[in-house]
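Here are my notes on the model you sent over. Have the structure open while you go through the points.

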Amino acid sequence: MERLTEKKLAHLYTNANRIRELIIESLLHAGSGHSAGPLGMADIFSALYFHILTHNPKDALWDERDRVVLSNGHICPVQYATLALAGYFPIKELLTLRKIDSRLQGHPHRNSIPGIETTSGPLGSGLSQSIGMALALSLDKKRNRVYCMMSDGEHQEGNTWEAVMFAGKKKLSNLTAIIDRNNIQIDGFTEDTMPLEPFRKKYEAFGWNVIDVDGHNIEEFIYSVLEAQAVYEKPTAILAHTIPGKGVTFMERNYLWHGKSPNKEEAERAIKEIRSLGNKISHE
Ligand SMILES: Cc1ncc(C[n+]2csc(CCOP(=O)(O)OP(=O)(O)O)c2C)c(N)n1
Ligand SMILES: [Mg+2]
């Protein structure tokens, strides 16, 4: 990973807000879809694709690439926007989100567009898939790393915990789970629906290294990934504390925006607000 300069950091925040704008535009054109999760993960996706990952947008299946598995497939508008901005496919294609015959379906399809490693949507499968990749890469003595993007809500799926247990046993240090700890799920707060706390202790009990970070502090997030890379004999879970809907005040922390897209007036207000952020540090 290259050194993180002030200039690069500002660039990562600018890209995060550009990603937010693209999310809103694509959701407006789609007329349906998920707003809160994608907006909340924009800073992390910017940090990943524009600083952390070893990847090549012109050669998506490059053997040396790191793998990003989007286990919580419903937040794909953030991955689509990031992939387009990084040059995997044309930005204008984002306006085809959720249209019939589009490559950008409401939940990602592996063979549709470059940069998507797995088909997802049914929650709770991504960690097992990531483990398969991480185990195969380590058996082949490859240096590629696997990043599994997960949500807090999908930890209510039992098979997620089978995967957590297996990765701990196998000491998969090339695997990093990045968990969107935004405290919301489809119809309420996680702790009201099915409590996950003590979240950190559960992962630790299964043999994982756990790091809590502010998911809107890109610098802090990048350092947590560097720590994960330095830890041997344990997989790492980064508990990224995020604000659902981050960047659009009227969506922030409101679970009703979990699976709702903005109308024209809401989208205009949202884009105006996001543009006013520029490269301002998101967590300030
Ligand atoms: C196996 C499975 N069960 C149910 C759903 C329906 N579903 C889609 S998103 C979601 C909420 C999960 O919580 P989380 O991912 O934390 O939501 P977010 O933070 O993105 O709002 C549910 C229940 C699903 N996609 N897969
Ligand atoms: Mg959630």
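1. Let's start with helix α4, residues 76–86, which is mostly covered, with 10 of its 11 residues buried. Buried here means 20 or more other C-beta atoms within 10 Å of the residue's own; 12 or fewer is exposed, in between is partly exposed, and C-beta atoms are placed from the backbone. The buried ones are Cys76, Pro77, Val78, Gln79, Tyr80, Ala81, Thr82, Leu83, Ala84 and Ala86. Helices and strands are DSSP runs (helices H or I, at least four residues; strands E, at least two), numbered from the N terminus. Keep in mind that this is a predicted model, where local features need pLDDT of at least 70, side-chain atom pairs count only at pLDDT 80 or more, and totals for chains, interfaces and linings use all residues. Residues are numbered from 1 along each chain as its sequence is written, while chains are lettered from A and ligands numbered from 1 in the order in which they are written.

2. What sits over α4? The cover of its buried residues includes α1, α2, α3 and β1 (67–70). Contact means that the C-beta atoms of two residues, placed from the backbone, lie within 7 Å. Just after α4, glycine 87 has a positive phi of about 100°.

3. Now α1 (residues 6–30) against α3 (residues 42–52): their axes come within 8 Å and cross at roughly 125°. That makes α1 oblique to α3. Axes are lines fitted to C-alpha atoms, for helices over the stretch in contact, and angles run from 0 to 180 degrees between N-to-C directions. Under 35 degrees counts as roughly parallel, over 145 as roughly antiparallel, 65 to 115 as roughly perpendicular, and the rest as oblique. From α1 the contact takes Lys8, Leu12, Asn15, Ala16, Ile19 and Arg20, and from α3 Ala42, Asp43, Phe45, Ser46, Ala47, Phe50 and His51. By type, the residues of this contact are seven nonpolar, three polar and three charged. (Nonpolar is Ala, Val, Leu, Ile, Met, Phe, Trp, Tyr, Cys and Pro; charged is Asp, Glu, Lys and Arg; the others, Gly among them, are polar.)

4. Helix α9 (residues 218–230) also meets α3, with axes that come within 10 Å and cross at roughly 60°. α3 and α9 are therefore oblique to each other. On the α3 side the contact uses Asp43, Ile44, Ser46, Ala47, His51 and Ile52, and on the α9 side Ile218, Phe221, Ile222 and Val225. This contact of α3 with α9 has seven nonpolar residues, two polar and one charged.

5. Which residues come closest to ligand 1? Of the 20 residues surrounding ligand 1, the closest are Gly37, Ser151, Gly153, Gln185 and His258; near means a C-beta atom, placed from the backbone, within 6 Å. α2 (36–40) and β4 (184–185) each supply at least two residues of that shell. The shell splits into seven nonpolar, 10 polar and three charged residues.

6. A few backbone spots deserve a look. Arginine 98, in the loop between α4 and α5, has a positive phi near 65° without being a glycine. Arginine 253, in the loop between β7 (236–241) and α10 (264–277), also has a positive phi, about 65°. The peptide bond from glutamate 197 to proline 198 is cis, with omega near 0°.
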